[in-house]
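Below is a colleague's note for someone meeting this structure for the first time. Please read it with the model open beside the text.

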Amino acid sequence: MTKSNSDKLLKGLLLPLLGIFFVIGLWALTSSTWASALPSPARTWEVSRPYIVAPFEKRGELDQGILRFTWYSLIRVAKGYAIAILIGTPLGLLLGVSKWFTSSFDPIIQILRPVSPLAWLPLGLVIFQKPEPAGIFTIAMCSMWPTVLNTALGVRSIPQDYLNVARVLQLSKRKTLFRVLLPAALPYMFTGFRLSLGIAWLVIVAAEMLTGAPGVGGFLWQEYNALIYEHIILCIITIGVVGFALDRVMWLIERRFKAA
Amino acid sequence: MSAFVEMRGVSKGFDSPSGRVPVLADVNLEIARGEFVAIVGYSGSGKTTLLSMLAGLVTPDAGSVSVAGKLVTGPGPDRGVVFQNYSLLPWLTVFENVALAVDQVFAREPAAARRERTEHYVNLVNLGHAKDRKPGQLSGGMRQRVAVARALSIDPEVLLLDEPLGALDALTRAVLQTEIERIWRATGKTVILITNDIDEGILLADRIIPLSAGPSATLGPAVAIEIARPREHKALNRHPEFKHVRSTITQYLLGSSAKRRSARKEQPLPLTERAVVELGA
């Protein structure tokens, strides 16, 4: 084995595993000493096993395999995220190209941006009178902003030279948008899309907790109420792994566009 | 009869934190059809602003610009521009960069004719072998050729070159200088070249016009270059006409910057002729 190969193995596998075992050890120590209500790692695995080995099983409305719950959550996130992108991208483009629009709407965006999902959800319930659209509304409201701001930044960062090319050739507004503005801003936009997806996934737990909808967040809250704490940990791990996977996928797409 | 390219009493200033700065003042220019004119001046004296007004990207505060008898009110495909930093779109290939221009200006032609035209200009600048590469995969000289091909492909009346070779190494520069002259002779376009290299101006142009040091820069007296073409890089240095033109332009530029400096009550720096030749420094 060459030196660089062993180095790769060490940094790519052994050290991350070491980190994971360290945290699990800390968890085991905590549960066996001062936080006795916290289930141990072994107990968590035992109780969670049926949900992991039969991940798509449906035994009841609130008793389903973990991937089945994840799937419900992903669908919900996809809906909210799609709305966020569909509204956020044109909004960002407008902010990027128009100083008037920026002056009019930037302050209100800066005010709405830091509002927590826990605050949007009740408003969504008031507006839509149903938990499902309220949850999607919350996801959209919270995850839109990175897309808006990065798209605007992307458009503003387009070198004047590119726009001069469009002007000299007298490209139409539409052609300038599709042939120059969008391709030039695309790398920034994808950064926004990736950050938005991260937030959308972050919000899902809060949305499902408060609406009691079936999904990984709803399951977490229900099991807390049912005193099955092992499943809380199962849910946390699932949420983390899925969020990480989503981010990696977006990162790969983003990198392709940046390389182009 | 009025000139093909004409600037009459053109002035332009820009706002700065310390008030309006006059960049160009009372610029007058007349260029005949098919003529190759070089405008030389210090960096930052407003050369690019001058060219941008010819291109229609910048509107003059006062005075008028006209090309082929028509008043310039905005950019248009009758004037091809090669920008200082090439301005290629990095997500398009060489072919696509040129095709963007061709497809826009010759939208009425059938697709096959447009493709042929694009091919023609890519080949004209000797980039046929690299037509599917993106600008990021090209050397500076190759990128510059793409920019030239794009500017020529729309068959403009006037070709505006803004320090097109400024960022290139000396060898590539010499090659492209020869190429620009070849293309000019092959197409018979009117060419306006902005440069800070007097030698380059003398090598290529029919006439060379100095732009005085800014602010409130203006064009000095034009000097006709009576050197037979094709002009040879090496032979040029010893040509008496070359020396004459060069010293005339140099004297004018030196004088304009000395005047500027004494107007600001500063000590004139000792300048050698060599330092002036590299005006950018």
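**Notes on the fold and the contact between chains**

1. Helix 1 (residues 47–55) of chain B lies across strand 3 (36–41), strand 6, strand 7, strand 8 (190–195) and strand 9 (207–211) of chain B, and runs at about 155 degrees to strand 7 of chain B. Here helices (H or I, at least four residues) and strands (E, at least two) are DSSP runs, numbered from the N terminus. Axes are lines fitted to C-alpha atoms, for helices over the stretch in contact, with angles from 0 to 180 degrees between N-to-C directions; two residues are in contact if their C-beta atoms, placed from the backbone, lie within 7 Å. Helix 4 (residues 140–153) of chain B also packs on the sheet, where it touches strand 6 and strand 7 of chain B, and its direction makes about 175 degrees with that of strand 6 of chain B.

2. This is a predicted model, in which local features need pLDDT of at least 70 and side-chain atom pairs count only at pLDDT 80 or more, while totals for chains, interfaces and linings use all residues. Residues are numbered from 1 along each chain as its sequence is written, and chains are lettered from A and ligands numbered from 1 in the order in which they are written.

3. In chain B, six strands form an open sheet of mixed pairing, in the order 6-7-8-3-9-10, where two strands pair if DSSP finds at least two bridges between them. Strand 6 (79–82) and strand 10 (223–224) of chain B stand at the edges with a single partner strand each, so one side of each is left without a neighbour in the sheet.

4. Strand 6 of chain B runs parallel to strand 7 (residues 158–162) of chain B, and four bridges join them; the bridge partner of Arg79(B) in strand 7 is Val158(B), and that of Gly80(B) is Leu159(B). In a regular strand the side chains alternate between the two faces of the sheet. Arg79(B) and Val81(B) point one way from strand 6 of chain B, whereas Gly80(B) and Val82(B) point the other way, and all are buried. A residue is buried if 20 or more other C-beta atoms lie within 10 Å of its own, exposed if 12 or fewer, and partly exposed in between, with C-beta atoms placed from the backbone.

5. Another set of pairings in chain B involves strand 4. Strand 1 (residues 5–16) and strand 4 (residues 62–67) of chain B pair in the antiparallel sense over five bridges, with Arg8(B) opposite Ser64(B). Strand 4 of chain B is also joined by two bridges to strand 5 (residues 70–71) of chain B, again antiparallel, and Ser66(B) stands opposite Leu71(B) there. Two residues lie between the strands of this hairpin, in which Ala68(B) takes a positive phi near 55 degrees.

6. Is Ser66(B) buried or partly exposed? With 17 C-beta neighbours inside 10 Å, Ser66(B) counts as partly exposed. Leaving aside neighbours within four places in sequence, Ser66(B) is in contact with Glu6(B), Leu71(B) and Val72(B).

7. Most residues other than glycine have a negative phi, and most peptide bonds are trans. Glu163(B), in the loop between strand 7 and helix 5 (170–187) of chain B, has a positive phi near 40 degrees and is buried, with 21 other C-beta atoms within 10 Å. Gln170(A), in the loop between helix 7 and helix 8 of chain A, has a positive phi of about 55 degrees and is partly exposed, with 15 other C-beta atoms within 10 Å.

8. Where the chains meet, 13 residues of chain A are in contact with 15 residues of chain B. Helix 7 (160–168) and helix 8 (173–211) of chain A each supply at least two residues of the side of chain A that touches chain B, and helix 7 of chain A gives the most, with six residues.

9. For chain B as a whole, the secondary structure comes to nine helices and ten strands, and 42% of its 281 residues count as buried. Residues 24 or more positions apart account for 68% of the contacts in chain B with a separation of 6 or more.
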